[in-house]
Amino acid sequence: GDITLSSKYQILSETTKVPTVSLRVAVKVPSGDSRQFFGSGHTDLGIGLAAEKKVAERWILYGNWNGIFPTGDIAGLTLQPAFSSIVAVEYLWSTRLSLVAQFDYFSSPFHNTGTRILDNGVTEVTAGFNYRLRQNLLWQVYGVENVDFITGSAADFTLSTVITYRFHQ
């Protein structure tokens, strides 16, 4: 459906006291057919901060804070700005393998619909691993569990895998 274009720019470099901090921006281009549910039919804008800090030889902490600003509606329901926050810890098992755990919160872009499943946000716990297949090829496997702080707000469990290719700079 729709295409998302994003960019990230590092604004602070890690020191012994300060984490690496990057600014992220994104634009969702409405390229899909919203009548067939292959897109929203509207542009969305996003902005966020990403931080990471190595706290010990093999441990890294992460934080992400994001705002999404939709410009349209879905099925006649007005969309409002939404917020997400993620905190994570990664253990570097070896130069190729790491283990990751994170806690996620996503607010809802819907408000005052009268339906808890739409009006409330989502809280999740994620665990998985990253395995470097080659210098520029990363394989990730993770499971996401809805911790149900907000009853009925998301799927109970998701299992996912991703392969990422990084172009050399």
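Rings of Phe, Tyr and Trp (its six-membered ring) pair if their centres lie within 6.5 Å, and planes under 30 degrees apart count as stacked, over 60 as edge-to-face and the rest as tilted. The model is predicted, so that local features need pLDDT of at least 70 and side-chain atom pairs count only at pLDDT 80 or more, whereas totals for chains, interfaces and linings use all residues. Residues are numbered from 1 along each chain as its sequence is written, and side-chain values use heavy atoms, with hydrogens and water left out.

**View 1. A tilted aromatic pair, Trp 59 with Tyr 91.** The structure holds 4 aromatic pairs, and in one of them Trp 59 and Tyr 91 sit 4.8 Å apart, centre to centre, with 50° between the planes. Trp 59 belongs to strand S4 (residues 59-70) and Tyr 91 to strand S7 (residues 82-92), so the pair ties together parts that are 32 residues apart in sequence. Strands (E, at least two residues) are DSSP runs, numbered from the N terminus.

**View 2. An edge-to-face pair, Tyr 91 with Trp 93.** The ring centres of Tyr 91 and Trp 93 are 6.2 Å apart, and the angle between the planes is 85°. Trp 59, Tyr 91 and Trp 93 form one aromatic cluster. Buried means under 20% relative accessible area, exposed over 50%, and partly exposed in between (1.4 Å probe, protein chains only). Trp 93 therefore counts as exposed at 53%, while Tyr 91 is partly exposed at 24% and Trp 59 is partly exposed at 40%.

**View 3. Glu 57 in a loop.** Glu 57 lies between strand S3 (44-56) and S4, and this residue is exposed, with a relative accessible area of 65%.

Methods:
Helix = DSSP H or I, 4+ residues; strand = E, 2+ residues; numbered from the N terminus.
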